[in-house]
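Subject: Structure for you to look at

Hello,

Here is the structure I promised to pass on. Please open it and keep it beside you as you read.

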Amino acid sequence: MKKIVKGLQQICRILELVVAVFVLIGILAAIISLLKDNLSIFGELLEDMTTFRHYLEKIFVLVIGIEFLEMLCHPTSDNVVQVLIFLVARHMIVGETTPFEDFISVLSIAVLFVLRKYMHTGDKGKKAKHKAAAELPGAAQKLHEKI
């Protein structure tokens, strides 16, 4: 049974890497497209600000794609929170939002930053606790392991 679970986990990792390669190809194609459009966009930026909004939207999609690729390659809670922060920021900056929606977006980003900070503090606290336990004398260490 353990061999089957291990095999399924291996297959999942391989499939994640395959998807990551496809995401990377998409990001590279989008960057090439953005560079090609860059030459013609600067004249339009002076005439129309909606062009700048579309330009920002393309850049945010690229950044989110890069963060998503990083999340696929290194699936950590920190990477997931970072992708969510970029998604909320993109919605707030690029989208047509009301002041109330902007307020909710700012609160969402603040909550995500607090959550990210809390997760880092929790990790450091656990590491420090295990390190301190390893340095205890034999009897005290056994007592600590039971707790």
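Below is what I found in it, going from the whole chain to single residues.

**The whole chain**

Keep in mind that this is a predicted model. The chain has 5 helices and 0 strands. From the N terminus on, the order is α-α-α-α-α. There are 147 residues, and 20% of them count as buried. Take the contacts with a separation of 6 or more: 57% of these join residues 24 or more positions apart.

**Helix α2 and its partner**

Start with α2, residues 49-73. How far apart are its end C-alpha atoms? They are 36 Å apart. At 1.5 Å a residue, its 25 residues should span 36 Å, so the two values agree.

Next, look at α3, residues 77-94. The axes of α2 and α3 come within 9 Å and cross at roughly 170°. Angles over 145 degrees count as roughly antiparallel, so α2 is roughly antiparallel to α3. On the α2 side, the contact includes Leu-56, Phe-60, Ile-64 and Phe-68. On the α3 side, Val-83, Phe-86, Leu-87 and Arg-90 are among the residues that take part. The residues of this contact divide into 13 nonpolar, 2 polar and 5 charged.

Several residues of α2 are buried, among them Thr-51, Tyr-55, Gly-65, Glu-67 and Leu-72.

**The cores**

Which residues make up the largest nonpolar core? It has 8: Ala-20, Val-23, Ile-27, Leu-34, Tyr-55, Leu-62, Leu-69 and Leu-72.

Now find Ser-105 in helix α4, residues 99-134. Is Ser-105 buried or exposed? Its relative accessibility is 5%. The cut-off for buried is under 20%, so Ser-105 counts as buried. Leaving out residues up to four places away in sequence, Ser-105 touches Val-88, His-91 and Met-92.

Ser-108 also lies in helix α4. Its relative accessible area is 29%, so Ser-108 is partly exposed. Check its position against Leu-84, 24 residues apart from it along the chain. The C-alpha atoms of Ser-108 and Leu-84 are separated by 9.3 Å.

Best wishes

Technical notes. Residues numbered from 1 in each chain as written. Predicted model: local features only at pLDDT ≥ 70, side-chain atom pairs only at ≥ 80, totals over all residues. Heavy atoms only, no water. Axes fitted to C-alpha atoms, helices over the stretch in contact; angles between N-to-C directions. Helix = DSSP H or I, 4+ residues; strand = E, 2+ residues; numbered from the N terminus. Parallel < 35°, antiparallel > 145°, perpendicular 65-115°, else oblique. Contact = heavy atoms within 4.5 Å. Nonpolar A, V, L, I, M, F, W, Y, C, P; charged D, E, K, R; others polar. Core = buried A, V, L, I, M, F, W, Y, C linked by side-chain atoms within 4.5 Å. Buried < 20%, exposed > 50% of the residue type's maximum accessible area, 1.4 Å probe, protein only. Expected span 1.5 Å × (residues − 1).
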